[in-house]
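Dear colleague,

Please find below the sequence and the structure for your records.

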Amino acid sequence: MGKVNAECNACTCQEHTILGSVRSAGGLPAPGATILLSENSPKLLTLSDHNGHFRVPGICPDGNITLLIKMQNHAPQRVIVPLSSEHTTVLNVKLDRAKKLYVQKNPESKARRKGQTAAFCCKIAGSPEPKEYQWFHNGSLLQKSRYQYDETLVLRNLQMDQAGEYYCRASNENGAIKSKPATLTVIGQDEPSCNPKPEAHMIRLPHDCFQNQTNSMYYDIGRCPIGMCTGQLDNGIRCKDSISFCCGVSKMEERQVTCQGYQLPTMVVTQCGCKKCIDTKAIVHGRAIAADTGEPMRFGHIYMDGVRVSRTGYRGTFSIQVPAGTERLVLTFIDNMQKFVNTTKVLLFNSKGGAVYHEIKLLRKKPPVTIHSTETNKLELGEVEGEEPMAEIEIPPNAFYKENGEVFVGDVQASVTFLDPRDISTAAAAQSDLNFVDAEGDTLPLRTYGMFSVDFRDKESSEPLNAGEVKVRLDAAQVKMSEHLKTMKLWSLNPETGLWEEEGQFQMEKKQRGKREERTFLIGNMEIRERRLFNLDVPENRRCYVKVRAFRSERFMPSEQVESVVMTLINMEPTAGYSSNPRAWGRFDSVITGPNGACLPAFCDEQRADAYSAYIMANLGGEELEAVASAPKLNPNIIGVPQPYLNKLNYRRTDHDDARIKKTAFSINVAKPSPNTAEEANGPIYPFEKLKECEEAPFSAPHFRFSRVEGDRYDYNTVPFNEDDPMSWTEDYLSWWPKPMEYRACYIKVKINSPHEINVRSRNMGGTHPRTVGQLYGIRDIRSIRDMDQSSVSAVCLEFKCSGMLYDQDRVDRTLVKVIPQGSCKRDSVNGMLQEYLVNHLPLAVNNDTNEFTMLAPLDPLGHNYGIYTVTDQDPRTAKEIALGRCFDGTSDGTSRVMKSNEGVALTFTCGDKEVTRQSVFQQLQNSPGRVIAGSARPGRGNRRQRGDSSAALRNSRRRSTRNPNKQSQTTG
């Protein structure tokens, strides 16, 4: 078909013409699109005109010719010229928005012995796809000619100097992206893969187990350090090892601790080794609620990567298992009732497994106003009374069009919701995490001057409408840092990656208002199409890290640190003159605590200590943790930061000036440490380039602190288990949790008739299994909570060891549970349905002692009608929280933070009024200094309940002996 062209490499058909039109991602005509002949070296044919039309003569319609259409910020598109005998071929092309490069899979950390092989892989997606990959070792580029890498880097015959961090960088014509670094640990041929000697680790003993030889209430049970090891690997080259190996317990020994009148068994770690890692599952759960009133988003949809993955419940609750391999969890919450703005959040999760709680604050949609499409329309952006608007949107006439590109004429329902950073309370409702990727591939922070969400609809049909050539006019007077005027940009949110992408620049414009007033505005142009959330932001490079730790109590012991706490830092914008009373927030960041606390990114300034300030708060499962007091006097030893640096940082807890305000946050000046001042070199503020030093800082280095509100609860497990670390679980018949990643929490509700709050203990022993009968699983002590309406009534939700299969999954054990009020008490009644169940499910425990109650725990989950509350979950904290909420409420499906003493009760006791002869368990524990293991002996939550007089007199605790006092050793795995 046709004739050979002058270059003798293609045919031409002079009688044939291609007529085409190009439309942008929003459906508008696309002027300036490039039309190329798609070959090995694409050849420019023409450009589209102002209407998006183009004309190309001489192309043969033989079905073998492909055109390549390119346009800025759009993905290239190839179109085959179809086979035809006509003289004219018409092509209609609609381009898609270019997808920025983003990391789908980061390289994974590995441990290898010298001489072995390791492979690292990174998976980068985008449109167009990456053209080039580069790999870096400890920040230095590896030679491609030597390693022959692409998206996979293979390292053979490993040497000791090859240990360190590796990351990849991928790029195309639109930009670049860097992966997170992976760590390679290289171990010598003769070195142990894990240190066999356990670390010291102290647990608190029951109140009647004071150790005279050490003069303390604590006992060292040891623990194995957390880390990867080599194990028995095959010779395959894989991105992900088929089996992962971790350092864990290889040998334990039972010891007997002498208490008052009995021997307490405890398992002590005596040797560590390399074991298969426990498979874990990460979960995010929480509530989606209105930022203003707390109204739940009922039955809303939750999307991930454009696919619906879950929905919220009637109370706005949700729970999502994080898919394996997820690097960045981006969820979009969509309200079917159209009350709230669609909200995209980047949620933190614990890659080691377990659940992390998030409260999703939603902005309420602004009521729509009716505007006409043929008129110029201006919509103000600003929500603070008495203040000028931050900005306005100007929509020219005939700017609205339908999704098919057809111009819309008629009335438009316009709803524009603005998140105003001058209102400090809006920070929690901000979308995503305010990050973008620069041209070099680095993920960098933004500082916001406001976000706005738009919703344009045909008033008659409610069909969504797009808008082209919209102007955004930002009042320069609202930008208090003059250097930001030059770098201000318009950004839109990519709901799939949760990253902000540049939409356009701002230009200065001066405008006369009245006869004398002249004001300066920043003008930006944009289209409103498939993305509906926009941001007025500047990149900010003055960055630091703030070291914060969370603790189980106000003792602030190293072993009492709590993981999976969501730490949030809100950066405040300085006013002109760097006032210490900031006018607006500019950015927020969240990080979850690990075994060594958390490092929170923040804006900082080296010249002026008060240039930037920040508020920091902590949340665990919906519980707000308490910051260290700053009034009436600063105590550097308790706060964790020495003087004079503490004064420079101007530490203030939120109740510093008003005791009525909650104690759950503190503010500081984020003063960048001076390199010439020794006392500022080791934290709690670290320069941006010293993140590793911040993350690995020893406990003795300065840091800020939060603690859980001390509750009246004591837990003791014979076999220790740290709920923050799944690898601390050991295969033992006496494990409280017999199956990892399937945690079953059981509670019994006990009512107390007494003018005082009473301590109640559950003592949990093996009941029917031949390997555990008569042996102690653990002890739980908790104090009853006074009824708010009846001064002589209190109640308690008491945990007990659930019945069920033990770790070998061979046969069940019905736990022998004793419920023992700690005082002069008499059992009044047992729930009739519970008593009937126990009678019908033999054997029946002997209950001759009316001062207590004994049962072989039910195998069935039962419910509130029995006074028993059972919940199974992949995270132990979540299981406990749900079960406790139901127990407090006295229902099988509800939840409450206030104890309802008369609802869903299993047991009732009446306790007499007798003088206290010695300290209660909780008084003694409170006054005993020392160290504690996480998860083995832990104080409970104190903010769940509302109580009356907490100084009520308590009885002596009862003493119960355990069987099998002989010493034994056991090797696991």
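C825 and C911 are both buried, where buried means under 20% relative accessible area, exposed over 50%, and partly exposed in between, with a 1.4 Å probe and protein chains only. The model is a predicted one, in which local features need pLDDT of at least 70, side-chain atom pairs count only at pLDDT 80 or more, and totals for chains, interfaces and linings use all residues. Residues are numbered from 1 along each chain as its sequence is written, and side-chain values use heavy atoms, with hydrogens and water left out.

The two cysteines C825 and C911 form a disulfide with their sulfur atoms 2.0 Å apart; a disulfide is a pair of cysteine sulfur atoms within 2.5 Å. The torsion about the S-S bond of C825 and C911 is about 110°, so this disulfide is right-handed. It links distant parts of the chain, 86 residues apart: C825 is in strand β62 (residues 825-830) and C911 in strand β65 (residues 907-911). Helices (H or I, at least four residues) and strands (E, at least two) are DSSP runs, numbered from the N terminus.

The structure holds 13 disulfides in total. Another of them joins C122 to C168, with 2.0 Å between the sulfur atoms. Its torsion about the S-S bond is about 115°, so the link of C122 and C168 is right-handed. C122 lies in the loop between β11 (118-121) and β12 (123-127), while C168 lies in strand β16 (residues 164-172), 46 residues apart. Both C122 and C168 are buried.

C599 and C694 are also joined by a disulfide (S to S 2.1 Å). This link is left-handed, with -110° about the S-S bond. Because C599 is in strand β45 (residues 598-603) and C694 in helix α4 (residues 691-695), the pair ties together parts that are 95 residues apart in sequence. C599 counts as buried because its relative accessibility is 9%; for C694, also buried, the value is 0%.

Lastly, there is a sheet to describe. Strands of a sheet pair through backbone hydrogen bonds, either parallel or antiparallel. Here three strands form an open sheet in the order β26-β23-β29, with mixed pairing; two strands pair if DSSP finds at least two bridges between them. β26 (317-321) and β29 (354-362) stand at the edges with a single partner strand each, so one side of each has no neighbour in the sheet. Strand β23 (residues 282-290) and β29 run parallel and are joined by nine bridges. The bridge partner of I283 in β29 is A355.
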